[in-house]
Amino acid sequence: MFEFSLFNFAQFADQGLSLIGTLLLTSLSAKTRMYGFLIFVLVNIPGVYLLVVTELWWILAVTPIWLFINFKGLVNNYRESKS
């Protein structure tokens with residue numbers, strides 16, 4: 001039987017947002033790609049929770065690199081959409 005818990009909600013939020021973010025990142029429009037990058041930043045919230053609960057905290061060591069790449073892409077897409 002399926003039970004409702006914070007862990008299950010975090011899994012659904014993580015996978016659902018990842019799917020939406022991936023679909024937006026495949027767009028030709030820079031503005032739409034920018035929204036995809038923003039969604040991937042939001043995915044970090046349930047993702048960090050899942051890593052801590054499942055004791056995979058060592059993966060968090062690469063989170064700053066992941067965030068840097070996402071923010072760099074976000075800034076580049078913002079600049080492209082303005083020009």
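How do the residues of the lining of the largest pocket divide into nonpolar, polar and charged? The lining divides into 8 nonpolar, 4 polar and 1 charged residues, where Ala, Val, Leu, Ile, Met, Phe, Trp, Tyr, Cys and Pro count as nonpolar, Asp, Glu, Lys and Arg as charged, and the others, Gly among them, as polar.

The structure is a predicted model, in which local features need pLDDT of at least 70 and side-chain atom pairs count only at pLDDT 80 or more, while totals for chains, interfaces and linings use all residues. Residues are numbered from 1 along each chain as its sequence is written, and side-chain values use heavy atoms, with hydrogens and water left out.

The chain holds 3 helices and 0 strands, these being DSSP runs numbered from the N terminus (H or I, at least four residues, for helices; E, at least two, for strands). Along the sequence the pattern reads α-α-α, and the C-alpha atoms fill a box of roughly 50 × 30 × 15 Å, taken along the principal axes.

The axes of H1 and H2 come within 8 Å and cross at roughly 155°, the axes being lines fitted to C-alpha atoms, for helices over the stretch in contact, with angles that run from 0 to 180 degrees between N-to-C directions. H1 is therefore roughly antiparallel to H2, a term for angles over 145 degrees. The contact of H1 with H2 has 18 nonpolar, 7 polar and 2 charged residues.

For helix H2 (residues 30–53) and helix H3 (residues 63–82), the axes come within 8 Å and cross at roughly 160°, which means that H2 is roughly antiparallel to H3. The contact, defined by heavy atoms within 4.5 Å, involves residues including Met34, Phe37 and Val41 of H2 and Trp66, Phe71 and Tyr78 of H3. By class, this contact of H2 with H3 has 11 nonpolar, 6 polar and 3 charged residues.

The largest pocket holds about 200 Å³ of space. On a 1 Å grid over the protein atoms alone, a pocket is an open set of points where a 1.4 Å probe fits, with protein on both sides within 12 Å along at least five of seven lines, and lining residues have an atom within 4 Å of a point; the volume is the space filled by probe spheres set on the points, which are joined across faces, edges and corners. Of the 13 lining residues, Val43, Asn44, Gly47, Leu51 and Trp66 are the closest to the centre of the pocket. Helix H1 (6–25), H2 and H3 each give two or more residues to the lining, and the largest share, 6 residues, comes from H2.

Note on methods
Parallel < 35°, antiparallel > 145°, perpendicular 65-115°, else oblique.
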